[in-house]
Amino acid sequence: MGASYTVDVIPGDGIGQEVTPAATACVDALAERHDFTIEWRDRDWGSDHYRSTGRMLPVDGLEQMADADAILLGAVGDVDIPDDVTLWGLLIPIRREFDQYINLRPSRTLPGVPSPLAGDKKLDVVVVRENVEGEYSEIGGRFRRGQPDELALQEAIFTRKGVSRVTRFAAQLATERSGRLVSATKSNGIIHTMPFWDEVARETVAEFPGVTLEKVLVDALAARVVLAPDSLDVVVASNLFGDILSDLAAAVAGSLGVAPSANLNPEREHPSLFEPVHGSAPDIAGKGVANPVAAIWAGGMMLRHLGQPEAADTLEAAFGAVLAEGTRTRDLGGTASTTDFTDAVLARLR
Ligand code: NAI
Ligand code: MG
């Protein structure tokens with residue numbers, strides 16, 4: 001009898017309801033093949049829960065999940081509820097309370113996925129985004145509301161602990177890949193926090209003799225993702241820069257529909273959360289056409305984190321092969337439905 005894991009599943013809103021079952025079905029198929037079991041705890045949290053209770057998450061929602069081995073999330077967000085309510089009511093509390101300070105976002109060009117890159121340029125990068133501090137802080141305010149001299153202030157927070165742990169994680173990842181680490185900065189324009197980021201990153205990466213650190217201004221780095229993607233491997237970035245760069249990398253890889261992410265608490269004191277990068281996509285929700293690759297790949301990242309790397313490899317090879325043989329959802333120019341694609345992956349897993 002193999003290992004057993006408890007995973008909280010929050011399909012959430014919109015296409016989250018469609019792509020999450022695809023991911024759990026693939027993981028279940030792998031469980032049989034690789035001799036482990038998953039106990040799924042279904043959580044019907046999200047916008048419907050908000051409409052009936054006034055909360056995205058129950059008051060004790062985080063406590064209910066505290067003993068989980070991982071959390072699998074679809075997406076949250078609904079057209080008739082402000083995005084700050086859905087985001088700050090569910091995802092941000094989970095990331096912060098469970099100290100998921102790493103947001104890991106791999107992007108690569110995949111056979112069968114048309115990329116907007118010119119020629120036969122290839123991309124294979126992992127963005128390591130700082131996930132709990134930086135530019136996304138609650139400190140600040142709006143003053144003289146509605147007056148001609150109204151102003152808004154928003155503080156960014158960078159701590160030595162926060163910057164060193166994210167760069168340490170990224171440097172460790174770089175040692176397992178090419179040894180090349182790029183740090184996104186803007187120390188020419190943001191003159192307090194970014195020089196501090198550069199300094200702590202340099203000190204931290206010095207602990208890794210096998211890693212070369214290159215700091216690149218984020219605007220130039222954005223251009224490089226498009227113009228010279230093969231010059232990039234592991235990129236470490238602050239919360240805001242990492243958010244933007246990883247969406248850019250996902251777009252360059254072909255579609256938001258194939259971009260997964262992990263929110264990690266590397267010390268494993270709390271559960272980590274795995275999710276597609278995309279949102280609830282209200283424009284296509286309920287039509288059965290959402291691309292399930294991002295959610296399925298997020299399931300693979302979860303398996304890797306749980307200590308099932310062979311199962312994760314099997315899964316990545318399976319959806320890669322299905323894409324390569326030409327089965328594609330609409331966002332990739334194909335005609336397959338969410339379930340057509342998922343069934344093709346399941347057929348390869350069984
Ligand atoms: P979105 O990612 O939901 O959609 C952007 C575009 O990409 C849409 O045209 C959509 O149809 C398409 N798309 C996204 N995922 C796809 C998939 N799997 N297959 C095919 N096409 C796909 O971003 P948008 O429209 O900015 O946000 C919609 C809602 O989602 C908002 O309420 C937003 O706050 C929320 N959101 C939630 C996130 C989360 O739960 N982590 C992340 C991003 C947005
Ligand atoms: Mg984003």
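Me: How do the axes of helix α7 and helix α8 cross?
Reply: In this predicted model, the axes of α7 (residues 218-227) and α8 (residues 239-253) come within 10 Å and cross at roughly 15°.

Me: Roughly parallel or roughly antiparallel to each other, then?
Reply: Angles under 35 degrees count as roughly parallel, so α7 and α8 are roughly parallel to each other.

Me: And is the crossing left-handed or right-handed?
Reply: Right-handed, as α7 passes α8.

Me: What about α1 and α9, at what angle do they pack?
Reply: Helix α1 (residues 16-34) packs against helix α9 (residues 293-306) at about 45°, and their axes are 8 Å apart. That angle makes α1 oblique to α9. The crossing of α1 past α9 is right-handed.

Me: Now the sheet. What is the strand order?
Reply: The order is β2-β1-β3-β12-β11-β4-β5-β10-β8-β9, in an open sheet of 10 strands with mixed pairing.

Me: Which strands stand at the edges?
Reply: β2 (37-42) and β9 do. Each has a single partner strand, so one side of each is left without a neighbour in the sheet.

Me: By how much are neighbouring strands turned against each other?
Reply: By 25° on average, with direction ignored.

Me: Back to β9. In which sense does β9 pair with β8, parallel or antiparallel?
Reply: Parallel, over six bridges, with β8 covering residues 180-185 and β9 residues 212-217.

Me: Which residues in β9 are the bridge partners of alanine 184 and threonine 185?
Reply: Alanine 184 has valine 216 as its bridge partner, and threonine 185 has leucine 217.

Me: What do β8 and β9 make with helix α6?
Reply: A β-α-β unit, and a right-handed one, with α6 spanning residues 193-205.

Me: Switching to ligand 1. How many residues surround it?
Reply: 23 residues surround ligand 1. The closest are Gly77, Gly257, His278, Gly279 and Asn291.

Me: Where does the largest share of that shell come from?
Reply: From helix α4 (residues 83-97), which supplies four residues of the shell around ligand 1.

Me: And what is the shell like by class?
Reply: Around ligand 1 there are 12 nonpolar, seven polar and four charged residues.

How values were computed. Residues are numbered from 1 along each chain as its sequence is written. Chains are lettered from A and ligands numbered from 1 in the order in which they are written. This is a predicted model: local features need pLDDT of at least 70, side-chain atom pairs count only at pLDDT 80 or more; totals for chains, interfaces and linings use all residues. Two strands pair if DSSP finds at least two bridges between them. Helices (H or I, at least four residues) and strands (E, at least two) are DSSP runs, numbered from the N terminus. A crossover is right-handed if, with the strands pointing away from the viewer, the path from the first strand over the helix to the second runs clockwise. A residue is near a molecule or strand if its C-beta atom, placed from the backbone, lies within 6 Å of it. Ala, Val, Leu, Ile, Met, Phe, Trp, Tyr, Cys and Pro count as nonpolar, Asp, Glu, Lys and Arg as charged, and the others, Gly among them, as polar. Axes are lines fitted to C-alpha atoms, for helices over the stretch in contact, and angles run from 0 to 180 degrees between N-to-C directions. Angles under 35 degrees count as roughly parallel, over 145 as roughly antiparallel, 65 to 115 as roughly perpendicular and the rest as oblique. A crossing is left-handed if the near helix is turned anticlockwise from the far one by less than a right angle, and right-handed if clockwise.
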